[in-house]
Amino acid sequence: MDYTAIFVLACIFIPLEKLLPLHPEQRTLRRDWLNDLIYVLVNGFVVRAGFTLVAGALMLGIAYIAGPNPIRWTGALPIWAQVTLAIILADIGYYTAHRICHTVPALWKFHAVHHSVEEMDWLATHRVHPVDQIFSNTLSMLPIWVMGFSLEALVIHQMIYQAHALLLHSNLRIKFGPLKWLVASPEYHHWHHANERDAYDRNFAAQLSIIDVIAGTIFLPIKRRPKSYGLNEPMPRNYPMQLIHPFRSLARSLMQAAPSNRLETRMSATEKTRASEDNLGKLAMLLAFGYFGYQQVLSLISVVVNRDSIPLWELAICSLIGGTAFLGFVLYYTITRLPPRESATGVTSRIVAIVGTFIMSLLIVIPPQAISAETRIISSVMVTIGSMVSIYCLRQLGRSFSIMATSRALKTQGAYNTVRHPLYAAEVLMIFGVVLGHGTALAFGLGAIWLVLQVRRAQYEEAVLRQTFPEYADYAARVPMLIPGLRLGWLEAPVARKPENI
Ligand SMILES: [Zn+2]
């Protein structure tokens, strides 16, 4: 940043922070102000060089795969619409990157430099480790750079983004009123920096707090202001050491598996194992379901393009939209799910869960058989209804959703008042439709194995739920397991849970 820009910003923010301070006791030349000024003067060059290198390589890769300017319609929109769309898309990217930085221990080490700020003001905005900045810029800015927006729109977006970032960190008491649920305010971002247990890992967006409202990560308490900011872990106080510190700490933790983020420092060994397994599972699910979703969208486009040669294409579209929407919800609840409380022990329950989840995807590589028009109608209707009911159940299960037998929160209302595993029951309908539509003996075989595995999986889950929630026994006595109004002895028998050994 050049000297004139710094001088202009100082002339705007220093008087403003004196006039309307959130923390009036805070001095203008507060602790570490000189260090943050060094960030303003030096860090920008490092970040720009690194980001140009990473973004340049990625843009070349994208141009090689998709051709130059793969998307053109965005550039034809009026300028205000382009800027609005760019803000929304870039902030979804930023939210994702920022949340990953708080979740993945190795990235937290770099992001922790920004959280080491103990007194918030406009100058503190710039204390960001280059690795952290390059990572989050790549996820937020790169998508809008390759989406065909005009240069003018990108420049305006960048100016708004920078000004907003300064405002968010400044020591200003500015209330946004009800708008605070839509647009990020200083109050909102100060809570992100607060070193208070209930504010940890909240308010991830840079500009649109509504993303946190939708994702369930918003934290804006009434009549309270953050008491302290910063970290509970050591962090050097000068620029060169802050650049080196995350690399050192990473090397150290690779050697001795030391506690690596602020949540982990309070966790027991079992909890740590459970949390890393949960994060690893989350990543695997995002990749796998992201791929299935991508395949579904491709099939949907192909049906729309070739609709004249496809009999009953309207039904095919209904079942594909149903399947795609279901995968979308699975992805959404995987990202936003609650932390695990208890998990099943042993390898068998994990294998059953993984094979049960993914076995039907083998059908992608097996060529289907020609089926009659009547069978196609029945199959499409079953998939459509099955996926709709699955979405309904998934929405009720919400953030307690898991692939592994893991308890997060107990649900007993709505569909869970009819059977204890309504999502599996709805999936039976959907999968039977898929098998019928595929028409091969192999598909029926896989469907049968899937059913056996899912029943076993439900039994493992029940064992964990019984252990976590004492009220589960009453619930199980009141509501049947899978089939409404029907209890089968072999289905209902509880599975014994092995003692904790992970
Ligand atoms: Zn953060």
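Please keep in mind that the model is predicted.

Let's start with the zinc ion. Which protein atoms hold it? The donors are the NE2 atoms of H98, H102, H111, H115 and H192, at 2.0 to 2.2 Å from the zinc. Along the chain, they follow the spacing H-x3-H-x8-H-x3-H-x76-H. Look at H115 and H192 in particular: H115 belongs to helix α4 and H192 to helix α7, so this pair ties together parts that are 77 residues apart in sequence. H115 is buried, with a relative accessible area of 0%, and H192 is buried as well, at 1%.

Now for the rings. There are ten aromatic pairs in the structure. One of them joins W191 and F219: the ring centres are 5.2 Å apart and the planes sit at 85°, so we call the pair edge-to-face. W191 is in helix α7, while F219 is in the loop between α8 and α9, so the contact ties together parts 28 residues apart in sequence. W191 is buried at 1% relative accessibility, and F219 is buried at 14%.

Another pair, F292 with F358, is tilted, with 6.1 Å from centre to centre and 55° between the planes. F292 comes from helix α10 and F358 from helix α12, so here the parts tied together are 66 residues apart in sequence. Is each partner buried or partly exposed? F292 is buried, at 17%, whereas F358 is partly exposed, at 23%. Ring pairs also bring F289 into a cluster with F292 and F358.

One last stop: R456 lies over the face of Y460, 5.1 Å from the ring centre.

Definitions and conventions
Residues are numbered from 1 along each chain as its sequence is written. This is a predicted model: local features need pLDDT of at least 70, side-chain atom pairs count only at pLDDT 80 or more; totals for chains, interfaces and linings use all residues. Side-chain values use heavy atoms; hydrogens and water are left out. Donors are N, O and S atoms within 2.8 Å of the metal (3.2 Å for Na, K and Ca); water is not among the atoms, so sites may look incomplete. Helices (H or I, at least four residues) and strands (E, at least two) are DSSP runs, numbered from the N terminus. Buried means under 20% relative accessible area, exposed over 50%, partly exposed in between (1.4 Å probe, protein chains only). Rings of Phe, Tyr and Trp (its six-membered ring) pair if their centres lie within 6.5 Å; planes under 30 degrees apart count as stacked, over 60 as edge-to-face and the rest as tilted. A charge sits over a ring if NZ of Lys or CZ of Arg is within 6 Å of the ring centre and within 35 degrees of the ring normal.
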